[in-house]
Amino acid sequence: MDDRSGVGVGGGLADAEHSDFNRAQQQIEHLGGCTKPIRLTGHTSAVDTMTGEVLRSYTSSDEPTGSLLTACGNRRASRCPACARLYAADTYHLIRAGLSGGKTVPDTIRTHPRVFVTLTPPSFGPVHNRLTTPGGDVRPCRCRKLHEPTDALIGTPLNPATYDYEGAVLFNAHASTLWARFTTYLRREIAAKLGMTQKAARAVLRVSFAKVAEYQQRGLVHFHAVIRLDGPDGSSQPPPPYATVAVLTKAARAAAARVRVTVTSDAVGQRKLGWGEQFDVREIASFGTDAEFTDQAVAAYVAKYATKSADASGALDRALFCRPCQGRGATVLPHGTPLPCTACDGTGQARPLSRLAVARHVRQMIRTCWELGKLPEFAHLKLWKWAHMLGFRGHFSTKSRSYSTTLGALRAARRAWRTEQTRTHASLPKPDPEATLVVGHWAYLGTGYSPGAALLAAAVWHRRELERRFITEGGCG
């Protein structure tokens, strides 16, 4: 780790004799336990536009470390648990607002038809599994063994030699396309079920949704989605009375069955990709009922998976391609002569695939991504770039424009609240936006802590987790 922040590698922030230790600790507290903060250097000033007077100013050179620390904002729990928890909380409020109201969404949204849909991938070969009977008893796997819940074999192929790794990788690579076609067919099926043309249906109702992607143990992506019917102007209007949950349910089933993406290649032949047979759609009930799928339960479920990624299936959360050569294995000189990349020895890989600390099944999927990525017909999929994600290159959480508020709006509200709290605490007058101009300059300095600061950050995260669990579990009573 570099030391451009001015914090000694020996752990200067942890030195009790540090003259500004309290301020340094305060910065870390404000990050909430972020594990990889971004270090910035620069200054900002608020200037009165009428008189030119500098009302207040700030410069990072006044900080004990010589830099300003800001949270990394990474949504992956494997990279930063603190920022991932904040992302999950924002996602929860976003999903919940689209089910119960709030955050600019009217409370009447609770009366709109809404369902919870799960779209799964098809089978690409038998895998080890932990089967249970309706009574809860564990049944033997096809390998005739009883797997424990934590058994690493679960989700891996029974016969790796016959497992369709190419099909699995291509499914992940086209999962976002399959979802897009599902939403298209869903609107068509709703119109057909109502006996209307698509144009007529758009004039009286709108389909709104929010979805997240989740990795199965076998390394394949599937989607969980909240789908809602609104009036033509969105959440502020109810759909017509004949647009019911039953219509939405039947349309979703029919749409999922229609989706197909055809992939043609000399190397793998022709493949028709679609959703698996394990399609599930359930009505979302209002909070306070005895139903399993209430708006609160669904929002919490979706938020949980919004922070997970391929690492949940044993894969990696960092790209594998060589950055200097962008995975090409060579750099092209000005006169057009390719020169093997010295950083990766011409492999295009930042780390040799054979040395990855992953399960055999995952390594084979990564290797398949790399091999298919070399084919011209799959160049647009950029499989070598997304090999660490097992071929999936889509967003882990998306929503339609009219579903509810946005993550940006939630973050802006939080930022405004923190600014107001800081202003009140410092007894500063409330600025006039029209008479005040904020100017400044900031530059990226680096990421991460010194060893001493990292210990402080870990302590902050641990304390806040204990506080959260104490509140969640109802205190000591």
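Tryptophan 384 comes out as partly exposed, because its relative accessibility is 21%, and buried would need under 20%. Keep in mind that this is a predicted model. Where does tryptophan 384 sit? Look in the loop between helix 8, residues 360–373, and strand 14. Leaving aside residues up to four places away in sequence, tryptophan 384 touches Phe321, Gln326, Gly327, Cys369, Trp370 and Gly373. Now pick out threonine 422. It lies 38 residues from tryptophan 384 along the chain, and the two C-alpha atoms are 46 Å apart.

Five strands make an open sheet, and the order is 11-4-8-7-14. The pairing is antiparallel. Which strands stand at the edges? Strand 11, at 280–283, and strand 14, at 397–399. Each has a single partner strand, so one side of each lacks a neighbour in the sheet. From one strand to the next, the twist averages 15 degrees.

Let's walk through the pairs. Strand 4 covers residues 114–119 and strand 8 covers residues 221–230. They pair antiparallel over six bridges.

Helix 4, residues 175–193, touches strand 4, strand 7 and strand 8. Its direction makes about 150 degrees with that of strand 7. Helix 6, residues 245–258, touches strand 4, strand 8 and strand 11. Here the reference is strand 4, and the angle between the directions is about 20 degrees.

Next, strand 7. Is it mostly covered or mostly open? Mostly covered: nine of its ten residues are buried. Strand 7 and strand 8 run antiparallel and are joined by ten bridges. In their hairpin, five residues lie between the strands, and glycine 219 takes a positive phi near 85 degrees. Strand 7 also pairs with strand 14, antiparallel, over three bridges.

Helix 4 and helix 6 pack at about 130 degrees, with axes 8 Å apart. That angle makes helix 4 oblique to helix 6. The crossing is right-handed. On the helix 4 side, the contact residues include Phe182, Tyr185, Leu186 and Ile190. Helix 6 brings, among others, Val247, Leu248, Ala251 and Ala255. What classes of residue make up the contact? Eleven are nonpolar, none polar and five charged.

Helix 2, residues 81–100, packs with helix 9, residues 407–425. The angle is about 115 degrees, and the axes are 10 Å apart. The two helices are therefore roughly perpendicular. Again the crossing is right-handed. Helix 2 contributes Leu86, Tyr87, Asp90, Thr91, His93 and Leu94. From helix 9 come Leu407, Leu410, Arg411 and Arg414. This contact divides into five nonpolar, two polar and three charged residues.

Technical notes: Residues numbered from 1 in each chain as written. Predicted model: local features only at pLDDT ≥ 70, side-chain atom pairs only at ≥ 80, totals over all residues. Heavy atoms only, no water. Axes fitted to C-alpha atoms, helices over the stretch in contact; angles between N-to-C directions. Helix = DSSP H or I, 4+ residues; strand = E, 2+ residues; numbered from the N terminus. Parallel < 35°, antiparallel > 145°, perpendicular 65-115°, else oblique. Left-handed = near helix turned anticlockwise from the far one by under 90°. Contact = heavy atoms within 4.5 Å. Nonpolar A, V, L, I, M, F, W, Y, C, P; charged D, E, K, R; others polar. Pairing = 2+ DSSP bridges. Buried < 20%, exposed > 50% of the residue type's maximum accessible area, 1.4 Å probe, protein only.
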